[in-house]
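Work through the exercises below with the coordinates open. Try each task before reading its solution.

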Amino acid sequence: PDSELKCSTCGKSFIKAPPHTFLDKVRNRNSARTMLPAMIVILCLLFAFGTEKWVEIFEAAKSIAGIVDERPKDPYPNWKSKAVLEFENHISSMSWIENSNQVLVITDSSDVYIFNPVDPHVQDPKKVALDLKVFDERRFFPGVYFTLGPKGLLVVGPVFSRPTIKIDGRVYREEGIRLRLDIWDILNRKHIRTIDTVIKDKSGYGSLRQPSKIHSDGKLIVFLDDGDLRVWNLITGKEQFIFPGTGGVGFSFNERGTHLASFTRKGTLSIWDITTGKKINEFADCLHNPEWGSGRGVALSPDGSKVALALYGGHGISVNTNSDNIQTVTWVIQIRETKTGKILHNLPGHTPMRFSPDGTLLAFGNGPQIRIQNVLSGEIQYEVKGHIRNPTSLIFGKDGKTLISGSKDGSVRIWKKPD
């Protein structure tokens, strides 16, 4: 047992291990009675520490042993997955509650949940009981948009119906389309206001179906009216501005609440001053290929100095991802300056899009992955992997080091920026 063994090649001496160790017993007996306790111990350790912790231990052991991994490495560092929340349906929208650490989530089945990303028991979000059955039975669009806003506000709609008038007991069809939006205070479980108005009917109902957006102070709401953007005051219940001919595929407030950007399918970008209602700039040349391409989404940086556009290229768009690589892709994220319209960067990607609170990073979808771009340099700094279907909603933490993503796979993932 204690005899020395020498290597015939290098001459080094080794000590033979003593007999009857645990592994010898397992190897000699080869019985389920011996293997079962070991398997139970291994499973308990996996559940206790988590698979990600064991991956870190394994990688550290490989580096100590000098084992070189010959597999190709990921070109982008990944954010660490802090927690995963599973829901029964697709994630429709997410929003932070102002002056708190809580996040609201709403699914396609109109279920509303609330959770605290900092809470160690975040895997158990609380469901909020709301009676959202406030729709007109005559609505003719399947499905309803749900939009979450600051201060725990929820907008249900737009819901459309055909306006009618009754004269002498007979019902007549009026012109236009009746639009209804219901605004809820989720935290206090109460219905705040209903916006019920008749809008135009020119280019068909499909052009009206866009989710509304709520201003950062929770006082204004904007929605689409057949190419026009209408801004209503939720306090007074009256219309405040109309921005004609600028709506289409997307509109977005900046987080500071000073600007509103709108983007049409034909590629016209408009920037508005939301305090005065005046147009700041307009750029009509945002499409790479006007014949086949179209605009699909827009996002404003917090200070309103930059805008991100989601472009669809139809038969393909050639983009220069770096100095040596030109790709032909279908979807492109384009970043522009709002003052001059200068194109800063073009990168493969699609909606959703979200700027970090300081405006230095832009997160956007790239298939089921999420890429995080440095807005100044245009380089992809991080790639977030974990979802199995495309993301639907992205929100950054207030410090910019936390990213929360919702996906069509019914999961919400909380990511932490690597050191």
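**Exercise 1: Phe355**

Phe355 lies in strand β26 (residues 350–355); strands are DSSP runs of E with at least two residues, and helices are runs of H or I with at least four, both numbered from the N terminus. The model is predicted: local features need pLDDT of at least 70, side-chain atom pairs count only at pLDDT 80 or more, and totals for chains, interfaces and linings use all residues. Residues are numbered from 1 along each chain as its sequence is written, and side-chain values use heavy atoms, leaving out hydrogens and water.

Task: decide whether Phe355 is buried or exposed, and list its contacts.

Step 1. Relative accessibility is 3%, so Phe355 counts as buried. Buried means under 20% relative accessible area, exposed over 50%, and partly exposed in between, with a 1.4 Å probe and protein chains only.

Step 2. Contact means heavy atoms within 4.5 Å. Leaving aside neighbours within four places in sequence, Phe355 contacts Glu255, Ala299, Leu300, Ser301, Pro302, Lys306, Val307, Ala308, Leu361, Leu362, Val375 and Phe396.

Step 3. Take Glu255 from that list. Glu255 and Phe355 are 100 residues apart along the chain, yet their C-alpha atoms are separated by 9.4 Å.

**Exercise 2: strand β5**

Task: find which strands pair with β5, and where its side chains point.

Step 1. Strand β5 covers residues 103–107; 5 of the 5 are buried, so it is largely enclosed by the rest of the structure.

Step 2. In a regular strand the side chains alternate between the two faces of the sheet. Here Val103, Val105 and Thr107 point one way, and Leu104 and Ile106 the other.

Step 3. Two strands pair if DSSP finds at least two bridges between them. Strand β4 (residues 91–96) runs antiparallel to β5, joined by 5 bridges. Ser93 stands opposite Ile106.

Step 4. On to β6 (residues 112–115): it pairs with β5 in the antiparallel sense over 4 bridges. Val103 has Phe115 as its bridge partner.

Step 5. Check the turns. The β4–β5 hairpin has 6 residues between its strands, and Asn99 in the turn has a positive phi of about 60°. The β5–β6 hairpin has 4 residues between its strands, and Ser110 in the turn has a positive phi of about 70°.

**Exercise 3: Asp185**

Task: what is the nearest side chain of opposite charge to Asp185?

Step 1. Asp185 lies in strand β12 (residues 177–185). Lys and Arg count as positive and Asp and Glu as negative; His and the chain ends are not counted.

Step 2. The answer is Lys190, 5.1 Å away. A salt bridge needs a side-chain nitrogen of Lys or Arg within 4 Å of a carboxyl oxygen of Asp or Glu. Asp185 is buried and has no salt bridge.

**Exercise 4: confidence**

Task: which stretches have a pLDDT below 50?

Step 1. pLDDT is the predictor's confidence in each residue, from 0 to 100. The chain mean is 76, and 71% of residues reach 70 or more.

Step 2. Residues 134–143 are below 50, with 27 contacts beyond near neighbours in sequence. Residues 203–207 are also below 50, with 9 such contacts.

Step 3. Where pLDDT is low, the predicted coordinates should not be read in detail.
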